[in-house]
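Please keep the sequence and the structure at hand while reading.

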Amino acid sequence: MNQPEQLREFPFPHRDGLDPLPEFAELRHSAPVVRVRMPSGDTAWLVTRHADVRRVLADPCFSRARATRGSGPRYARTTTLPDSILAADPPDHSRLRRLVAPALGGRRAETMRGAIALLADELLTDLERRPMPADAVAGFTRPLPLTVICDLLGTPRVDGDRLDAWNDALRSLTAMPDAEVTAAVDDMTGYLARLVAAKRAHPGDDLLSALIAARDAGDRLSQDELISFCVVLLAGGYGTTADRLAGLIHLLLDQPDRYDLLVREPRRIPDAVEELLRYAQVTVGANLRVTTGTVTLSGVEIAEGEAVIALTSSANHDEDVHPAPDLLDLTRAAPAHLAFGHGAHFCVGAQLARVQLQEALAALARRLPTLRAAGSPEWRRGQITRSPRTLPVRW
């Protein structure tokens, strides 16, 4: 088996911003499959080229279940909930996805578009009342997806701050001590168990009630599967969307001509969202799989039972797929990208995230055409994604 000359620590050292990371380009060119040490202390093969990343995400030889259950290699020291849809392989994953997809698919997302647009307007009205500089994260990019997920699940909006704190714990790699992460997960799952019980007794017009009622050939989601799916919605449906929205606005304001283009030509916003998703180096590590047999990627042989990280942020900058990949071009046609994953685990809530990002940028361009950065953001550190913690703005 091929062995690299040096074992690197991954994620690589933090850099503020979401522009292309030079380490990824270096690896794509010189060592597209390289062994690294993860935050857990376990080792993995880091995969950076588009073709290899797509294969890892789609080929059943790369198991998600083996990366989250049992005693195999782990990305972080704390473990993913074993009943989560993100922790399953087909056929278990296929069963779970069939049960949840109708409640979170593209049709439902589109029916929510009007309400999301109205919420964005309401939040901007409140933001305009604040003294400048205002924090766009606290006033807009956090409360928008948080309110959407609360309303979608049927969670009281007043519990948003608790959900937000739990989300930070879920996304921590080194930002919080392991004991605090474990305690937060326990608190959150207890809260969600009580919420599930309340919805069973008194169903509402919300996603959680729909999931409780969902059947597939007489099969229902178990209690643990219901709770785990709620956790996934908080981490992915809220946390990832909030991080991406803050990051996309930062990229637009980092070079104001980008934002001005969308103000002048709002019709470009849907394609611009896709280009921003492709460009932003948000994910610093995830998509861990464990091999079920010996496989070869870019000439490197990987043994059965070894961990593989499919780095979508690097694949989205692969020169063999994207012309001038390190250029953020909001005028190009919507690029195909891997920001929402690929294969069986393609994000089931991708369209809902798109609707939120599109309507958020449309509301900003319409309501605050003179929006500008008003200082340097504070950046989150030690989490699975890179994003601004604060985003000072003026208009």
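## Salt bridges in the model

The structure holds 29 salt bridges, a salt bridge being a side-chain nitrogen of Lys or Arg within 4 Å of a carboxyl oxygen of Asp or Glu. The model is predicted, so that local features need pLDDT of at least 70 and side-chain atom pairs count only at pLDDT 80 or more, while totals for chains, interfaces and linings use all residues. Residues are numbered from 1 along each chain as its sequence is written, and side-chain values use heavy atoms, with hydrogens and water left out.

One of the salt bridges joins Glu26 to Arg8, with 2.7 Å between the closest N and O atoms. Because Glu26 lies in helix 1 (residues 22-30) and Arg8 in strand 1 (residues 8-9), the pair ties together parts that are 18 residues apart in sequence; helices (H or I, at least four residues) and strands (E, at least two) are DSSP runs, numbered from the N terminus. Glu26 counts as partly exposed at 37% relative accessibility, and Arg8 counts as partly exposed at 24%, where buried means under 20% relative accessible area, exposed over 50%, and partly exposed in between (1.4 Å probe, protein chains only).

Arg66 and Glu304 form another salt bridge, their closest N and O atoms being 2.7 Å apart. Arg66 belongs to helix 3 (residues 65-68) and Glu304 to the loop between strand 8 (300-302) and strand 9 (307-310), so this pair ties together parts that are 238 residues apart in sequence. Arg66 is partly exposed, with a relative accessible area of 34%, and Glu304 is partly exposed, with 41%.

## A buried pair between two helices

Glu225 forms a salt bridge with Arg95, in which the closest N and O atoms are 2.4 Å apart. The pair links distant parts of the chain, since Glu225 sits in helix 12 (residues 223-254) and Arg95 in helix 4 (residues 92-104), 130 residues apart. Glu225 is buried at a relative accessible area of 12%, and Arg95 is buried at 18%.

Salt bridges that share partners join Asp121, Glu128, Arg366 and Arg367 into one network. Helix 16 (residues 350-367) has 18 residues and reaches 26 Å from its first C-alpha to its last, close to the 26 Å expected at 1.5 Å a residue, the expected span being 1.5 Å times one less than the number of residues. Helix 16 is mostly covered, with 14 of its 18 residues buried.
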